[in-house]
Amino acid sequence: MGLLAFLKTQFVLHLLVGFVFVVSGLVINFVQLCTLALWPVSKQLYRRLNCRLAYSLWSQLVMLLEWWSCTECTLFTDQATVERFGKEHAVIILNHNFEIDFLCGWTMCERYGVLGSSKVLAKKELLYVPLIGWTWYFLEIVFCKRKWEEDRDTVIEGLRRLSDYPEYMWFLLYCEGTRFTETKHRVSMEVAAAKGLPVLKYHLLPRTKGFTTAVKCLRGTVAAVYDVTLNFRGRKNPSLLGILYGKKYEADMCVRRFPLEEIPLDEKEAAQWLHKLYQEKDALQEMYNQKGVFPGEQFKPARRPWTLLNFLSWATILLSPLFSFVLGVFASGSPLLILTFLGFVGAASFGVRRLIGVTEIEKGSSYGNQEFKKKE
């Protein structure tokens with residue numbers, strides 16, 4: 001193991017990275033709070049500023065993937081599709097099988113200039129997660145309880161509010177509603193069988209309401225739907241902790257572009273279109289597992305330096321006073337002061353670990369098991 005690889009495994013460095021992310025995030029959230037005063041004056045200026053503030057936070061996570069772990073991302077698509085990236089509003093449909101699938105999506109957003117303006121249909125619980133949920137609130141992210149009767153009006157209003165968004169945005173939809181697990185897959189396929197729908201091997205049954213509503217509300221704003229099927233070489237199952245420890249992964253993403261005009265206007269027909277899409281995604285995963293590649297030309301968009309420069313800037317600003325403070329604490333010789341500081345370090349490490357825990361599959365929500373519980 002080289003020196004750099006060894007350093008990446010050290011807990012102290014992880015704490016410092018976490019410190020920079022958390023403190024910079026709190027600073028960014030405070031600035032975002034101040035920008036609310038701009039909304040009545042210039043809604044578009046408020047949005048543009050918050051896109052850049054969000055970029056300054058999200059790009060730190062992208063930096064871990066691109067520069068810390070040096071994970072490589074390869075696109076399987078065609079030249080015409082690549083040329084449209086970052087130049088149109090789009091709905092992104094991504095499979096939800098991995099702990100870092102969102103991070104792979106974000107790195108593509110960053111490389112094509114839409115990271116700060118990226119959107120997602122998020123579960124309401126995330127609104128209360130410090131930094132992540134708070135930043136999303138200022139970005140006008142649509143939050144839902146995943147109970148359509150309660151969510152319908154909120155989702156429609158939130159989506160329609162984005163119709164005049166001033167920056168190109170990619171709106172991410174996890175149509176499966178939750179991360180793939182064997183238990184959830186079994187329950188999902190029982191529901192599929194009861195409804196007479198084809199069985200899927202690598203995906204959960206897509207929930208169509210969010211998709212059909214998003215397409216309906218964003219029609220005229222969004223130009224296309226990008227279907228993205230993600231997998232990792234060597235049958236790896238990466239984690240955010242693995243990224244933090246500097247493990248390198250190789251992500252492959254098959255991207256297919258569907259002009260919005262090809263998606264039916266009728267809600268039932270649009271739902272059938274989505275079910276057919278997931279059957280095709282399942283076939284793509286089967287091909288990948290057999291051949292190790294997706295169909296299409298391979299593209300490796302170059303990583304940009306901005307994520308690294310952004311993190312180094314925040315680290316320079318925040319770590320210098322931290323080191324001075326730590327030296328002062330130990331130089332004081334006060335046992336009480338030193339113990340208090342160590343207690344703070346322990347609490348900080350626990351907080352960072354809790355933030356990482358949000359991405360872990362085994363700690364995911366029970367959403368997707370509800371139908372099975374009802375049957376029981």
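Reader: Before anything else, what does buried mean here?
Author: Buried means under 20% relative accessible area. The model is a predicted one.

Reader: Then Phe85 and Trp170, buried or exposed?
Author: Phe85 and Trp170 are both buried. For Phe85 the relative accessible area is 6%.

Reader: What geometry does the aromatic pair of Phe85 and Tyr112 have?
Author: Among the 15 aromatic pairs in the structure, Phe85 and Tyr112 form an edge-to-face one, at 5.0 Å centre to centre and 70 degrees between the planes. The pair links distant parts of the chain, 27 residues apart: Phe85 sits in the loop between α4 (79-82) and β2, and Tyr112 in the loop between α5 (101-111) and β3 (119-123). Tyr112 is buried, with a relative accessible area of 18%.

Reader: And Phe85 with Trp170?
Author: That aromatic pair is edge-to-face as well, with 5.7 Å centre to centre and 75 degrees between the planes. Trp170 belongs to strand β5 (residues 170-173) and Phe85 to the loop between α4 and β2, so the pair ties together parts that are 85 residues apart in sequence.

Reader: Which residues touch the most other members in the largest nonpolar core?
Author: Trp58, Trp106, Trp136, Trp170 and Phe211 do, in a core of 101 residues. Helix α3 (residues 43-68) gives the most to this core, namely twelve residues.

Reader: Where does this core lie relative to domain 1 and domain 2?
Author: The core lies between them, because domain 1 (3-301) and domain 2 (316-354) both give residues to it.

Reader: What does Trp58 touch?
Author: Leaving out residues up to four places away in sequence, Trp58 touches Trp106, Leu115, Leu131, Ile132, Thr135, Trp136 and Leu139. Ring pairs also link Trp58, Phe102, Trp106 and Trp136 into a cluster.

Reader: Switching to strands. How many residues of β6 are buried?
Author: Nine of the nine residues of strand β6 (residues 224-232) are buried, so β6 is largely enclosed by the rest of the structure.

Reader: Which residues are on each side?
Author: In a regular strand the side chains alternate between the two faces of the sheet. On one side of β6 are Ala224, Tyr226, Val228, Leu230 and Phe232, on the other Val225, Asp227, Thr229 and Asn231, and all are buried.

Reader: In what sense does β6 pair with β2, parallel or antiparallel?
Author: Parallel, over five bridges, with β2 covering residues 90-94. Val225 in β6 is the bridge partner of Val91. With strand β7 (residues 250-259), β6 pairs in the antiparallel sense over nine bridges. There, Asp227 has Arg256 in β7 as its bridge partner.

Reader: Last one. Where is Asn310, and what does Asn310 touch?
Author: Asn310 is in helix α12 (residues 306-332). Its contacts are Ser56, Ser59 and Gln60, not counting residues up to four places away in sequence. Asn310 is buried, with a relative accessible area of 15%.

Conventions:
Residues are numbered from 1 along each chain as its sequence is written. This is a predicted model: local features need pLDDT of at least 70, side-chain atom pairs count only at pLDDT 80 or more; totals for chains, interfaces and linings use all residues. Side-chain values use heavy atoms; hydrogens and water are left out. A nonpolar core is a set of buried Ala, Val, Leu, Ile, Met, Phe, Trp, Tyr and Cys residues joined through side-chain atoms within 4.5 Å. Buried means under 20% relative accessible area, exposed over 50%, partly exposed in between (1.4 Å probe, protein chains only). Helices (H or I, at least four residues) and strands (E, at least two) are DSSP runs, numbered from the N terminus. Domain bounds come from an automatic or database domain assignment. Contact means heavy atoms within 4.5 Å. Two strands pair if DSSP finds at least two bridges between them. Rings of Phe, Tyr and Trp (its six-membered ring) pair if their centres lie within 6.5 Å; planes under 30 degrees apart count as stacked, over 60 as edge-to-face and the rest as tilted.
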